[in-house]
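Thanks for coming. Please put the model up.

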Amino acid sequence: AFEPNPLAFKCLQYNCKTSINLPFGLSEKACILPFSSSSNVGAGHFFNPLLNGRTGGQLRSLPQSNPDNFESFPLISLDSMLIRNVGFVKMDVEGFEVFALRGAFQTINLCRPNIWLEVSPDLLLRARSSLRDLIRILKSLKYVPLWGIGEPIQSDIMFVPRRRYQAELSVSSNMTGVILFNANERPTWAGFRNHFSGYLSSMHN
């Protein structure tokens with residue numbers, strides 16, 4: 001497991017004593033991430049250090065705030081870890097999903113894990129990516145959305161390799177309280193686009 005926030009990392013170590021836990025965040029390349037801390041453990045605001053090709057963040061480029069509230073967290077790519085056995089990936093990275101997926105492209109292509117993402121269009125935009133960027137990279141990896149929980153403003157969504165879709169659907173169709181994006185159909189992105197239609201239409205305009 002990867003967790004760059006020192007306070008959240010302590011919780012991770014306490015709750016997951018038998019797992020390998022690393023104090024890094026995931027992105028497409030190694031860099032430093034500026035972070036505005038919060039009194040709520042695990043909460044805060046990240047600022048994108050990858051804009052305009054720059055690595056590392058500068059306080060003068062961040063929103064006006066008390067500099068004492070900012071920390072710097074190290075980021076690495078998942079591909080750099082050379083992991084060869086991954087069956088499941090869960091990402092909750094505050095809008096940085098596109099960057100983390102770019103840095104995990106080779107690992108995902110090799111292992112073909114199911115991928116559970118927290119999808120928030122607003123957080124994606126805040127990180128200078130978008131819902132369309134997320135769709136584009138997942139489609140390039142030949143993944144499709146299977147089911148999700150939540151509202152368009154923030155949803156937890158399971159993505160699976162296209163070739164494994166039918167087998168996964170037979171299990172997921174028995175679950176209650178979830179959104180099936182393509183129930184009893186060939187896998188497409190139509191249900192996902194419909195779920196986020198308000199955001200996608202506003203981006204198009």
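Of the 205 residues of this chain, 42% count as buried, where buried means under 20% relative accessible area, exposed over 50% and partly exposed in between, with a 1.4 Å probe and protein chains only. This is a predicted model, so to be clear on the limits: local features need pLDDT of at least 70, side-chain atom pairs count only at pLDDT 80 or more, and totals for chains, interfaces and linings use all residues. Residues are numbered from 1 along each chain as its sequence is written, and side-chain values use heavy atoms, with hydrogens and water left out.

The accessible surface of the chain is about 11400 Å², and 51% of that belongs to carbon and sulfur atoms; the areas come from the Shrake-Rupley method with a 1.4 Å probe, and for residues only the protein chains shown count as cover.

The chain has 8 helices and 9 strands. These are DSSP runs numbered from the N terminus, helices being H or I with at least four residues and strands E with at least two.

Now the sheet. Five strands make an open sheet with mixed pairing, in the order S5-S6-S8-S7-S9; two strands pair if DSSP finds at least two bridges between them. S5 and S9, the latter at 179–180, are the edges, each with a single partner strand, so one side of each has no neighbour in the sheet. Helix H5, residues 131–140, packs on the sheet and touches S6, S7 and S8, with its direction at about 175 degrees to that of S6. Contact here means heavy atoms within 4.5 Å. For the angles, axes are lines fitted to C-alpha atoms, for helices over the stretch in contact, and the values run from 0 to 180 degrees between N-to-C directions. Helix H6, residues 165–172, lies across S6, S7, S8 and S9 and runs at about 25 degrees to S7.

S6 pairs with S5, residues 88–91, in the parallel sense over 4 bridges, and Phe88 stands opposite Asn114. With S8, residues 154–161, S6 runs antiparallel over 5 bridges. Val119 has Ser155 as its bridge partner there, and Leu117 stands opposite Ile157.

S8 has 6 of its 8 residues buried, so the rest of the structure largely encloses it. S7, residues 143–151, is joined to S8 by 8 bridges in the antiparallel sense, and a hairpin of 2 residues connects these strands. Gly148 stands opposite Ile157 in S8.

Last, the rings. The whole structure has 7 aromatic pairs, a pair being rings of Phe, Tyr or Trp (its six-membered ring) with centres within 6.5 Å; planes under 30 degrees apart are stacked, over 60 edge-to-face, the rest tilted. Ring pairs link Phe159, Phe181, Trp189, Phe192 and Phe196 into a cluster.
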